[in-house]
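Reader: I would like to go through this model by question and answer. Please start with the term needed for strand pairing.

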Amino acid sequence: MLLRLADGMEVETVLIPFWTDDGTIRGGGRGGGNEENDEGGDGGDDDVASDRRRRRRAAAAGRTTVCVSSQVGCRQGCTFCATGKMGKLRSLTTDEILAQLFFAEKVVRLSGRDRTTTTANVDPAAAPALPRISNVVFMGMGEPSDNAPAVRGAIDAMTGMGGPFRLSASRVTVSTVAPTPESFSLFVDSRCALAWSVHAADDALRRALVPTTRYTMSELRDGLMYALGRRTMRTCMIEVALMDGVNDSLREADELAEFLAHISNNVPGAKVVCNLIPYNDIGSFGMGYAKPPRERIIAFQERMQELGIVTRVRGTRGDDESAACGQLVTSKTRAVK
């Protein structure tokens with residue numbers, strides 16, 4: 001979902017639907033879906049009604065995550081991320097962040113409207129109703145800690161019981177690359193979960209992937225541990241973009257597992273969950289990176305699990321529409337005067 005701001009700049013917001021795997025409908029990328037019609041028929045009125053009922057059931061059973069942006073562009077310069085190639089153009093206001101969720105809810109609401117067979121070339125089952133929005137992740141364009149006041153204000157509005165959204169705190173996640181050890185503490189009182197974009201435990205490799213890194217990984221980890229120790233919600237998601245031949249070996253898995261175990265072992269009640277994100281191609285913005293073969297991704301995951309770190313492989317979503325992790329970039333790079 002591409003939103004044009006008042007000054008003419010544009011920002012990306014991504015809707016990620018998840019349907020229950022009932023054999024009929026599965027999630028797509030930026031709001032689309034792939035489905036297998038198990039109800040058959042010849043396209044008559046009964047079949048249209050059946051399609052409508054099936055879409056409603058799928059929407060009720062599933063959920064949608066909204067990936068919101070906090071800035072237009074980003075100054076962190078991650079070498080595998082298209083947004084980083086834009087540089088930071090400007091930060092968003094709290095209202096501009098909330099507008100993304102507002103319009104996402106509108107898209108979900110309108111997706112549930114019935115189609116009719118009188119519309120030419122439209123299959124009533126082609127666009128299943130999107131499930132309700134249950135999660136928000138600050139993993140779109142921008143670095144949240146570089147715009148912390150506006151992000152905190154948006155989180156308060158999203159999770160406030162008297163507000164229009166009323167999301168559970170556990171359903172809102174702020175992801176930071178952690179420019180400084182203090183980045184985590186900026187959200188210590190916010191009603192949200194924390195995520196850290198790590199990508200590598202080795203200092204030299206991490207600096208190669210995130211050139212703006214100014215602190216050692218141990219220093220950044222200490223900052224995270226300090227913040228977690230002051231929070232009631234002590235679950236932390238660790239994000240790792242895996243690239244073929246760069247950071248996907250078993251040696252890197254061993255280093256990462258040891259690095260993360262230090263958090264769980266030293267912060268009472270801390271729960272660390274590692275998400276492996278297979279690299280998404282960013283075309284001309286890239287540096288020759290490639291997605292690892294599936295067997296290397298699974299081997300990395302299994303080694304992490306063996307070493308006691310809960311590790312998941314995030315499914316690729318939206319890469320066919322340049323809406324996947326690391327692919328967000330907009331064409332409007334200057335404000336309209």
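Author: Two strands count as paired if DSSP finds at least two bridges between them. The model discussed here is predicted.

Reader: How many bridges join β12 to β13?

Author: β12 covers residues 235-242 and runs parallel to β13. The number of bridges joining β12 to β13 is eight.

Reader: Which helix makes a β-α-β unit with β12 and β13, and what is the hand of the unit?

Author: The helix in this unit spans residues 250-266. Together with β12 and β13, the helix α7 makes a unit that is right-handed.

Reader: In β14, which residue is the bridge partner of N275?

Author: β13 also pairs with β14, residues 310-313, in the parallel sense over four bridges. In β14, the partner of N275 is R312.

Reader: How many of the eight residues of β13 are buried?

Author: Strand β13 comprises residues 271-278 and is mostly covered. Across the protein chain, buried residues make up 51% of the 337 residues. In β13, the number of buried residues is seven.

Reader: Is S190 buried or exposed?

Author: S190 lies in the loop between β10 and β11. Leaving out residues up to four places away in sequence, S190 touches R152, I155 and R231. The cut-off for buried is under 20% relative accessible area. Because its relative accessibility is 9%, S190 counts as buried.

Reader: What distance does α3 reach from its first C-alpha to its last?

Author: Helix α3 has 18 residues, 94-111. Its buried residues include I97, L101, A104 and V108.

How values were computed: Residues numbered from 1 in each chain as written. Predicted model: local features only at pLDDT ≥ 70, side-chain atom pairs only at ≥ 80, totals over all residues. Heavy atoms only, no water. Helix = DSSP H or I, 4+ residues; strand = E, 2+ residues; numbered from the N terminus. Expected span 1.5 Å × (residues − 1). Buried < 20%, exposed > 50% of the residue type's maximum accessible area, 1.4 Å probe, protein only. Contact = heavy atoms within 4.5 Å. Right-handed = clockwise from strand over helix to strand, strands pointing away.
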